[in-house]
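Reader: I would like to learn how to read strands, sheets and helices in a model like this one. Please take me through a few features, with the general idea before the particular case.

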Amino acid sequence: METSKDLDLFRRQMAKKHRVTCLSNSDLLKIYHENLPKKSGKGRPSLFALERLLIKRPMRSLSGVVNVSVLTKPYPCPGKCIFCPTQKNIPKSYLAKEPAVQRAILNKFDPYQQVWTRLLSLKETGHPIDKTEIRIIGGTWSYYPKKYQEWFIAECFRACNEFGGRKITNYELRITNLRKEQNKNERAKCRVVSLAVETRPDYINTQEIKWMRELGITKVELGVQTVDDKILNLNQRGHGVQEIIEATRLLKNAGFKVSYQMMPNLYGSTLKKDLAVFKEIFTNPDFKPDFLKIYPLALVKNTQLYNLYQQGKFKPYSEKELTKLLIEIKKIIPRWIRVERIIRDIPSNEIVEGGSKILNLRAMVVTQMNKQGVTCQCIRCREVGARYDPKEKLYLFRENYTASGGQEIFLTFENKEHTKLLGLLRLRLHNQEGGNLLPENSGAIVRELHVFGQMTQITHGGKTSINSNQHKGLGKKLITEAEKIAKKFGYKKIAVISAIGARPYYRKLGYKLQNTYMVKSLN
Ligand SMILES: [Zn+2]
């Protein structure tokens, strides 16, 4: 495999084989790892050639930033979930073949090396790396010792700050100072514009939130799975729905973006119940997450669930049932949610039975939706990406909804038909405690500002390319509108949960750093 024509052919062949119309790059990689004969030879492209071709495509930077996933070291998980296998040497529930996991193992879980390696491969394949979203994955973040957390994040920042220069990996010499590395990042070539961790709802409290802000975290992925106490209990999740509601509220009040990881097909649930659970999180103000990840349950050996399966007490959904459920869910997704992933994270040969064995679940769902003529309204499916047309007229839309005891105002720039989304802003107005984090009188907080489209570089004096809409003032227009709204509601200040690398952007707009937030007076 040498040219992109070869790649297209391979993609078409595999799509046909797997009965879908399209296959994403990650699907292709999975097929490569799982389905092709192990020995190299005819019909099996070299992995290097395949990856090179895949990464050369601009897919990864189309939503405006590049993603860097970093794994924490293996550490015990406080959870005892009946569906979770325990694999040696990698954090619970992660698949050893995933690229991020491979990279982590090769780098002995060193955060600096992981970030550096990833940035290097992105840069070598032509990606602008000046806006980076760091996602820390692995175990339950809040369960790791504080000292480890601080070192880990400081090292991620240091890698971004030093990238392009000399790589300093001598352990004896380095004493990383988190605050220093954060400040440096404001002027670094590679800026951290989002920092996400994943944790359990029962670990979120005001103290934890304060600590997360000091670390520079802006987004939290909660392992929610379901919002039914009986099912949570049956699966031994170790917490109930009340903890999910409280965690969601505290995080939103402090300005965090909240993502829910959901798991259909849990022990004790049914297809009908699962659909009801999704309806509940989309409509009940106690939930309403900003992002969603759907990981259908994968039945694997060496779990308590497997014993139940053998006793005839559990049966996973079939391929047909699961795809149908996912389509029903996609049909009712609100416009203000971004579905980040529909995926299983276990290799298919380890899955005993059921629909989650399908390799390319998402592609299968998309194909069937196209056939039925239905579309998904989520943010991800509407992001403009490569469809940007500079001549098309844009409209500013506003949607209000109540969530977690506050008012959410969702502002977007879209085309008239709502099919192309170019920018969004989430403003939250509330009068509750936010862990005493927010400066006085400031219950108006911008939780997210994102302009989509092919990424353009920050440091080039504001030059923009013709096919990109970033830096054409959409972000500024959105923030000005948010300020107007907050003022109208009587707020004297507005705050932004800005990632460290985005601070200079807000400084230019008159914001000042106050208690880890960027704040502007509205008088
Ligand atoms: Zn969607």
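Reader: In strand 5, which residue is the bridge partner of Gly223?

Author: The general idea is that strands of a sheet pair through backbone hydrogen bonds, either parallel or antiparallel. In this predicted model the partner of Gly223 in strand 5 is Gln261. Helices (H or I, at least four residues) and strands (E, at least two) are DSSP runs, numbered from the N terminus, and two strands pair if DSSP finds at least two bridges between them. Residues are numbered from 1 along each chain as its sequence is written. Because this is a predicted model, local features need pLDDT of at least 70 and side-chain atom pairs count only at pLDDT 80 or more, while totals for chains, interfaces and linings use all residues.

Reader: How many bridges join strand 4 to strand 5, and how many pair strand 3 with strand 4?

Author: Strand 4 and strand 5 (residues 257–262) run parallel and are joined by six bridges. Strand 3 (residues 191–199) also pairs with strand 4 (residues 219–225) in the parallel sense, over four bridges; within that pairing Ala196 has Lys219 as its partner, and Glu198 has Glu221.

Reader: In what order do the strands of that open sheet run?

Author: The order is 1-2-3-4-5-6-7, with parallel pairing. Strand 1 (66–71) and strand 7 (338–342) are the edge strands, each pairing on one side only. From one strand to the next the twist averages 20°, where axes are lines fitted to C-alpha atoms, for helices over the stretch in contact, and angles run from 0 to 180 degrees between N-to-C directions.

Reader: Which way do the side chains of strand 4 point, and are they buried or exposed?

Author: In a regular strand the side chains alternate between the two faces of the sheet. In strand 4, Lys219, Glu221, Gly223 and Gln225 point one way, Val220, Leu222 and Val224 point the other way, and all are buried. A residue counts as buried if 20 or more other C-beta atoms lie within 10 Å of its own, as exposed if 12 or fewer do, and as partly exposed in between, with C-beta atoms placed from the backbone.

Reader: How many residues of helix 6 are buried, and what covers them?

Author: Twelve of the 17 residues of helix 6 are buried, including Phe152, Ile153 and Phe157. Their cover includes strand 1, helix 5 (111–124), strand 2 (131–137), helix 7 (178–185), strand 3 and helix 8 (206–215), contact being counted when C-beta atoms, placed from the backbone, lie within 7 Å. Helix 6 is followed by Gly164, whose phi is positive, near 95°.

Reader: What is the strand order in the open sheet with mixed pairing?

Author: That sheet has seven strands in the order 8-9-10-11-12-14-13. Strand 8 (395–403) and strand 13 (512–514) stand at its edges with a single partner strand each, so one side of each is left without a neighbour in the sheet. Here the twist averages 30° from one strand to the next. Helix 16 (residues 474–488) packs on this sheet, and its direction makes about 25° with that of strand 10 (421–429).

Reader: In which sense does strand 12 pair with strand 14, and how does strand 12 run relative to strand 11?

Author: Strand 12 pairs with strand 14 (residues 517–521) in the antiparallel sense over four bridges, whereas strand 11 (residues 444–451) and strand 12 run parallel, joined by two bridges.

Terms used. Two residues are in contact if their C-beta atoms, placed from the backbone, lie within 7 Å.
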